[in-house]
Amino acid sequence: MINEILQCDFCSIPGPVWRYPARSFIAYCAPNVAGESVGDWAACDPCHLLIEADDRSGLAQRSLDELILKHPEAIAAAAVLYKDLAELHQRFFAHRSGRAVPITATAA
């Protein structure tokens with residue numbers, strides 16, 4: 001069973017079904033602000049398949065495509081967004097600490 005309250009941490013669609021254990025890390029830094037990724041990442045089935053296949057470019061493209069579907073105005077910055085997503089995903093892969101486990105209704 002999926003949890004509709006959660007979103008995939010890669011493409012932001014609702015109802016992820018996988019959880020990837022990960023250590024916390026600094027996700028981004030900008031002047032006077034930093035963002036932290038805390039703990040595990042949730043993944044939908046399509047993103048999970050890309051992660052398991054180590055298709056990092058496909059994962060970044062899927063994330064970008066879903067972002068542009070929700071925010072069509074973002075297409076103007078697609079190249080920069082792709083690069084930023086790929087870098088964020090690289091940090092995820094570097095901090096991943098275990099294999100994917102299914103998200104269950106009781107664990108979500």
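**Close-up views of the predicted model**

**View 1. Salt bridge between Asp 40 and Arg 19.** Asp 40 pairs with Arg 19 in a salt bridge whose closest N and O atoms are 2.6 Å apart. The pair links distant parts of the chain, with Asp 40 in the loop between β3 (33-37) and β4 (41-43) and Arg 19 in strand β1, 21 residues apart. Asp 40 is partly exposed at 35% relative accessibility, and Arg 19 is partly exposed at 33%. The structure is a predicted model.

**View 2. Lining of the largest pocket.** The largest pocket holds about 200 Å³ of space. Its lining includes Asp 9, Phe 10, Asp 40, Trp 41 and His 89. Helix α3 (residues 78-95) supplies the largest share of this lining, five residues. By class, six lining residues are nonpolar, two polar and three charged.

View 3. Cys 11 sits in the segment before β1 (18-20). Cys 11 has 3% relative accessibility and therefore counts as buried, the cut-off being under 20%. Leaving aside residues up to four places away in sequence, Cys 11 touches Cys 44, Cys 47, Arg 62, Ser 63, Glu 66 and Lys 70. Cys 11 and Cys 47 are 36 residues apart in sequence, with a C-alpha to C-alpha distance of 7.5 Å.

**View 4. Salt bridge between Glu 87 and Lys 83.** The closest N and O atoms of Glu 87 and Lys 83 are 2.9 Å apart in this salt bridge. Both residues lie in helix α3, four residues apart, about one turn of the helix. Glu 87 is partly exposed at 33% relative accessibility, and Lys 83 is partly exposed at 47%.

Key:
Residues numbered from 1 in each chain as written. Predicted model: local features only at pLDDT ≥ 70, side-chain atom pairs only at ≥ 80, totals over all residues. Heavy atoms only, no water. 1 Å grid on protein atoms, 1.4 Å probe; cavity = no way out; pocket = protein on both sides within 12 Å on 5 of 7 lines; lining within 4 Å. Points joined across faces, edges and corners; volume = space filled by probe spheres on them. Helix = DSSP H or I, 4+ residues; strand = E, 2+ residues; numbered from the N terminus. Nonpolar A, V, L, I, M, F, W, Y, C, P; charged D, E, K, R; others polar. Buried < 20%, exposed > 50% of the residue type's maximum accessible area, 1.4 Å probe, protein only. Contact = heavy atoms within 4.5 Å. Salt bridge = Lys/Arg side-chain N within 4 Å of Asp/Glu carboxyl O.
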